[in-house]
Amino acid sequence: MRYDEEMGEALALARRAAAAGDVPVGALVIDTATGTVIGRGCNTREVDGDPLAHAEIIAMREAAESRGDWNLADCTLVVTLEPCPMCAGACLQTRIGTIVFGAWDAKLGACGSIWDIPRDPHVGHEPEVHGGVRESECAALLAAFFAAKR
């Protein structure tokens with residue numbers, strides 16, 4: 001499957017977040033032309049006390065820093081959970097070319113389930129969006145994390 005290996009790396013990052021007590025979400029930004037990972041992130045909201053420390057934001061910041069450019073139009077974001085409205089908006093602001101995610105988010109999903117921010121006709125930038133990559137693994141990791149919290 002396309003992006004299967006990359007989602008595996010994102011899952012490893014998500015497990016790192018879970019081990020630190022954070023919601024298990026991991027993300028990568030890939031230079032689409034070379035296939036090189038240029039940004040990595042996992043949720044660190046609890047560890048850093050930062051409400052904006054979502055995996056996607058961290059990975060996009062690292063990618064922009066590694067390139068010395070905020071424009072990530074020729075990059076792909078791979079993330080274990082469908083981006084929320086904030087992260088979907090950040091994808092638009094960075095002009096990310098492709099969004100790939102694992103599990104759908106029935107509560108805050110903003111890339112096709114609850115909202116579809118990347119494909120909103122009023123925005124002007126439309127990244128490709130592919131959901132459901134290794135969906136069962138991504139969803140199982142999240143379900144196990146929340147079951148342990150209850």
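Helices here are DSSP runs of H or I with at least four residues, strands are E runs of at least two, and both are numbered from the N terminus. With that in hand, one place to start is the end of α4: Arg95 follows the helix, and its phi is positive, near 65 degrees. I will come back to that residue.

A word on the source. This is a predicted model, so local features need pLDDT of at least 70 and side-chain atom pairs count only at pLDDT 80 or more, while totals for chains, interfaces and linings use all residues. Residues are numbered from 1 along each chain as its sequence is written, and side-chain values use heavy atoms, with hydrogens and water left out.

The sheet, then. It is open and has 5 strands, in the order β2-β1-β3-β4-β5, with mixed pairing. Two strands pair if DSSP finds at least two bridges between them. At the edges sit β2 (36–42) and β5 (128–130), each pairing on one side only. From one strand to the next, the twist averages 15 degrees.

Now the helices on that sheet. Helix α1, residues 4–19, packs on it and touches β1 (26–31), β2, β3 and β4. Contact means heavy atoms within 4.5 Å. The direction of α1 makes about 145 degrees with that of β1. Axes are lines fitted to C-alpha atoms, for helices over the stretch in contact, and angles run from 0 to 180 degrees between N-to-C directions. Helix α3, residues 55–67, lies across β1, β2 and β3, and runs at about 145 degrees to β2.

Look at β1 next. How many of its residues are buried? The count is 6 of the 6, so β1 is largely enclosed by the rest of the structure. Buried means under 20% relative accessible area, exposed over 50%, and partly exposed in between, with a 1.4 Å probe and protein chains only. Both faces of β1 are covered. Gly26, Leu28 and Ile30 are buried on one side, and Ala27, Val29 and Asp31 on the other.

β1 has two partners to go through. With β2 it runs antiparallel, joined by 6 bridges. Leu28 has Arg40 as its bridge partner in β2. The hairpin of these two strands has 4 residues between them, and there Gly35 takes a positive phi near 80 degrees. With β3, β1 pairs over 5 bridges, again in the antiparallel sense. Val29 has Leu77 as its bridge partner in β3.

Move along to β3 and β4. β3 (residues 75–81) and β4 (residues 98–103) run parallel, joined by 5 bridges. Thr76 stands opposite Thr98. Is Thr98 buried or exposed? At 9% relative accessibility, Thr98 counts as buried. Leaving out residues up to four places away in sequence, Thr98 touches Tyr3, Cys75, Thr76, Leu77, Pro127, Glu128 and His130.

Back to α4, residues 85–94. Its buried residues are Cys87, Ala88, Ala90, Cys91, Leu92 and Thr94. What covers them includes α3, β3 and β4. Arg95 lies in the loop between α4 and β4. Arg95 is partly exposed, at 39% relative accessible area. Most residues other than glycine have a negative phi. Arg134 is another non-glycine with a positive phi, about 55 degrees. Arg134 sits in the loop between β5 and α5. At 21% relative accessibility, Arg134 counts as partly exposed.

Next, helix on helix. α1 and α5 (residues 135–149) pack at about 5 degrees, with axes 11 Å apart. The two helices are therefore roughly parallel. The cut-offs are under 35 degrees for roughly parallel, over 145 for roughly antiparallel, 65 to 115 for roughly perpendicular, and oblique for the rest. From α1, the contact uses Met7, Leu11, Ala14, Arg15 and Ala18; from α5, Glu137, Cys138, Leu141 and Phe145.

Last, the aromatics. There are 2 aromatic pairs. Rings of Phe, Tyr and Trp (its six-membered ring) pair if their centres lie within 6.5 Å; planes under 30 degrees apart are stacked, over 60 edge-to-face, and the rest tilted. Phe101 and Trp104 are edge-to-face, 4.8 Å centre to centre, with 85 degrees between the planes. Phe101 is buried at 0%, whereas Trp104 is partly exposed at 39%. Phe145 and Phe146 are also edge-to-face, at 5.2 Å and 80 degrees. Phe145 counts as buried at 11%, and Phe146 as partly exposed at 33%.
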